[in-house]
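Good morning, and thank you for the time.

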Amino acid sequence: MIIARTIAEVRKCVAAWKKEGQVVGLVPTMGYLHAGHASLVDRAAAECGKVVVSDFVNPTQFGEGEDLQSYPRDFAHDCALLEAHGCDLVFYPEVSEMYAEDAATYVEILSEMPKQLCGKTRPIHFRGVCTVVSKLFNIVQPDRAYFGQKDAQQLAIIRRMVRDLSYGIEIIACPIVREEDGLAMSSRNTYLNPAERQAALVLSEAVFLGERLTEAGETDAAALLAAMRAHIEEEPLAKIDYVSAVDGVTMMPVSKIEPGVLVAMAVYIGRTRLIDNFTVGGTADDC
Ligand code: AMP
């Protein structure tokens with residue numbers, strides 16, 4: 001596996017692969033990799049001749065007072081995981097390689113979409129995500145890029161960006177990978193102490209409850225969300241940021257539960273903010 005720290009190295013490798021006619025897949029990550037990330041790499045390796053994974057804690061997507069400084073990092077562990085899952089090149093740049101000191105150009109969706117759900121409490125988050133993913137697309141020029149359904153709003157926003165900016169890149173959505181007890185895998189789970197780790201189960205429990213109620217025929221979003229909120233509120237360590245039902249493409253609130261609706265939540269467990277979601281009728285895979 002090649003470890004590339006510069007944009008020039010990535011461009012050189014990918015150019016050589018493209019000359020050979022290889023299909024290139026990209027998996028953008030912020031490192032501290034787990035089985036959720038590995039599932040994206042596996043899928044990319046199964047579908048692409050060459051797999052590039054970016055491992056970069058992107059400062060522009062963190063707001064004031066968020067966890068940029070404390071975000072967990074372990075590059076040696078990441079390399080071992082990536083090598084075992086068939087990654088061909090890991091891009092591991094310094095912040096200065098990605099952003100000139102006076103960088104002032106951003107990619108931002110100017111609609112309501114990034115202001116919904118996580119955007120309500122993280123107003124600059126998706127501008128940072130779009131900017132870095134756009135840069136990664138320009139650097140790697142992949143044929144396909146792989147994203148987790150765990151970050152459902154991010155995925156919808158990337159799809160919109162790809163459409164609006166005419167990137168010739170296929171976006172592939174991968175299902176949420178969970179711990180055995182249901183907790184959605186996340187690099188941030190490492191922040192949880194044992195009591196919080198137990199309390200964090202309310203997120204997946206609420207997702208499973210929502211799925212069961214939906215399958216049983218509940219179509220009233222307010223009733224569904226009330227039942228899910230009530231379950232979360234039983235846990236003293238949990239504080240709800242949002243539990244919402246939105247259109248799976250536009251991210252705008254809906255009142256009726258029907259196929260394609262995204263039911264998403266963000267919940268603080270102690271000081272750690274966790275997210276989880278499900279899509280009614282399952283997720284459309286590729287776009
Ligand atoms: P992150 O490193 O948290 O920015 O995540 C990088 C990519 O991995 C994103 O596309 C995430 O949606 C995806 N991802 C993170 N956790 C999971 C999970 N538990 N299951 C599936 N995909 C995930």
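How many salt bridges are counted between domain 1 and domain 2? The count is one, where a salt bridge is a side-chain nitrogen of Lys or Arg within 4 Å of a carboxyl oxygen of Asp or Glu. The partners are Arg 188 and Asp 67, with their closest N and O atoms 2.8 Å apart.

Before I continue, a word on the basis of these values. This is a predicted model, in which local features need pLDDT of at least 70 and side-chain atom pairs count only at pLDDT 80 or more, while totals for chains, interfaces and linings use all residues. Residues are numbered from 1 along each chain as its sequence is written, and side-chain values use heavy atoms, with hydrogens and water left out.

Let me turn to the domains. Domain 1 covers 2-174 and domain 2 covers 187-277; these bounds come from an automatic or database domain assignment. Their centres, taken over C-alpha atoms, are separated by 26 Å. To the contact, domain 1 gives 23 residues and domain 2 gives 19 residues, contact meaning heavy atoms within 4.5 Å. About 1700 Å² is buried between the two domains, and carbon and sulfur atoms give 57% of that area. Buried area here is the accessible area (1.4 Å probe) that two parts lose on being put together, summed over both.

Nine residue pairs are in polar contact across this interface, both residues being at pLDDT 80 or more. A polar contact is a pair of N or O atoms within 3.5 Å; within protein, one must be able to donate a hydrogen and the other to accept it, and residues adjacent in sequence count only if both atoms are side-chain atoms.

Now to the ligand. Which residues are closest to the ligand? Of the 17 residues that surround it, the closest are His 37, Gly 148, Asp 151, Val 177 and Met 185, a residue being near if one of its heavy atoms lies within 4 Å. A polar backbone atom of Val 177 is 2.9 Å from a nitrogen atom of the ligand, and a polar backbone atom of Met 185 is 2.8 Å from a ligand nitrogen atom. For Met 30, a backbone N or O atom lies 2.9 Å from an oxygen atom of the ligand.

Finally, the structure as a whole holds ten salt bridges.
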